[in-house]
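Please look through the sequence and the structure shown below before reading on. The report after them is meant to be read with both in view.

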Amino acid sequence: MQHASPPASFSVGAPLKLANWLIAVATLVFLMVIVGGITRLTESGLSITEWKPVTGALPPLNEAQWMSEFEKYKQIPEYLEINGPAGMTLAEFKFIYFWEWVHRLLGRVIGLAFAVPLAWYWMKHQIPQGYKGRLLALLALGALQGTIGWWMVSSGLSERTDVSHYRLAVHLLTALFIMGGLIWTALDLRHLARTGANKPARLTGFSLTILLILFIQLLFGAWVAGLNAGYVSNSWPLMNGKLYPEGVDWSQGAWFALTHDPFLTHFIHRWWAWVTVAALVIMARRLKKAGARSASIAIHSAFGTQILLGIATVMTNMNIVLAVMHQAVGALVVASTVWGAHRLGWKETDGPK
């Protein structure tokens, strides 16, 4: 099949520059996932009770402003029912405020790091044919993510002492989807820069199945975090001496237990992990046969490290350093799987090399 050549004004180095830019933005999103994990584990997410996309970029700058923010926090259930009775001080409030502020600031930085170069490349006519719509979609998804973040936070400001685990899952999974989309697009652009052929990889049925299996694991991981289900057992492989944990509440039906019970979500997350591992091993072997040894090694390394961190996190009763590393390496599992899926999709598009 003949492919249209780029216009004369189009720089042959542009695809590589765009690819490197997108990888840099994906790295920022990866950092955002790590900070989000710290924010969650330090119970910092509800410390800023208002959404001010522009003026909120500045933290309180004097004692009066700090007291104003603390007074706002004192009105929500988390303070009234948990931190207030525990005797939270202003210094302790400043600690949790810091992490939520960093999380939101990083979101603003990512928005600028994507939008400003996009506008520049667009004006300079350096975006290859077929990529403008994809980049605009990623920009829109990033903007939506900010709204999702506030939608998540708002669920914990009136009737709850914590955010909705459903909304937390949407927030985390959207971040990982954006990171994956950035990586996939960067890989397409690198292929264009290397070969001159504008033939993006396609998502094969096999790769889609692997990604769906991984999605289920990530979903239950987000629910475990949102329900504080990691604390229900600090033993492995058994949960409090049982393979199947005691204490699962079926009184409100199977669906409610599946999506709300901390014992059951923890149980599924720890054992669906092995289904995910099996799927990733199959993908890695297929990649090795296709000549993509680096992607195969990356997948094996990521899920192997992730399994060890998951077990260690449980057995240390949610040690915060290990738990943050578990979330970070989870993002690396996503990145390596996307790389593998892209490589297999590229083989489907280009044929054997």
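This is a predicted model: local features need pLDDT of at least 70, side-chain atom pairs count only at pLDDT 80 or more; totals for chains, interfaces and linings use all residues.

Residues are numbered from 1 along each chain as its sequence is written, and side-chain values use heavy atoms, with hydrogens and water left out.

**Overall fold**

The chain has 11 helices and 0 strands; helices (H or I, at least four residues) and strands (E, at least two) are DSSP runs, numbered from the N terminus. The radius of gyration is 22 Å, close to the 20 Å that the globule rule gives for 353 residues, so the chain is as compact as a globular protein of that length. The radius is taken over C-alpha atoms, and the rule is 2.2 Å times the number of residues to the power 0.38. Along the principal axes, the C-alpha atoms fill a box of roughly 70 × 55 × 35 Å.

Of the 353 residues, 49% count as buried. Buried means under 20% relative accessible area, exposed over 50%, and partly exposed in between (1.4 Å probe, protein chains only). Contact means heavy atoms within 4.5 Å. Among contacts between residues at least 6 apart in sequence, 76% join residues at least 24 apart.

**Nonpolar core**

A nonpolar core is a set of buried Ala, Val, Leu, Ile, Met, Phe, Trp, Tyr and Cys residues joined through side-chain atoms within 4.5 Å. In the largest one, which has 97 residues, Trp21, Phe93, Phe114, Met179 and Leu182 touch the most other members. Helix H6 (residues 165-195) supplies the largest share of this core, 15 residues. Beyond its neighbours within four places in sequence, Phe93 is in contact with Ser47, Trp66, Glu69, Phe70, Tyr73 and Met88.

Val170 is also found in helix H6. Val170 is partly exposed, at 34% relative accessible area, and, leaving aside neighbours within four places, is in contact with Ile148 and Trp151.

**Two loop residues**

Asp261 is found in the loop between helix H8 (254-260) and helix H9 (262-289). Is Asp261 buried or exposed? Asp261 is buried yet has no salt bridge, and the nearest side chain of opposite charge, Arg270, is 12 Å away. For charge, Lys and Arg count as positive and Asp and Glu as negative; His and the chain ends are not counted. A polar atom of the Asp261 side chain lies 3.0 Å from the backbone nitrogen of Leu264.

Ser233 lies in the loop between helix H7 (205-226) and H8. Ser233 counts as buried because its relative accessibility is 1%. The side chain of Ser233 reaches the backbone nitrogen of Asn240 at 3.5 Å.

**Salt bridges**

A salt bridge is a side-chain nitrogen of Lys or Arg within 4 Å of a carboxyl oxygen of Asp or Glu. By this rule the count comes to 9 salt bridges. The table gives some of them.

| Lys | Glu | N to O distance |
|---|---|---|
| Lys52 | Glu50 | 3.4 Å |
| Lys94 | Glu63 | 3.9 Å |
| Lys74 | Glu71 | 3.4 Å |

The pair of Lys94 in helix H4 (residues 90-123) and Glu63 in helix H2 (residues 63-73) links distant parts of the chain, 31 residues apart. Lys94 is partly exposed at 28% relative accessible area, and Glu63 is partly exposed at 46% relative accessibility. Glu50, Lys52, Glu69 and Lys72 are linked in a network of salt bridges.

How values were computed
A polar contact is a pair of N or O atoms within 3.5 Å; within protein, one must be able to donate a hydrogen and the other to accept it, and residues adjacent in sequence count only if both atoms are side-chain atoms.
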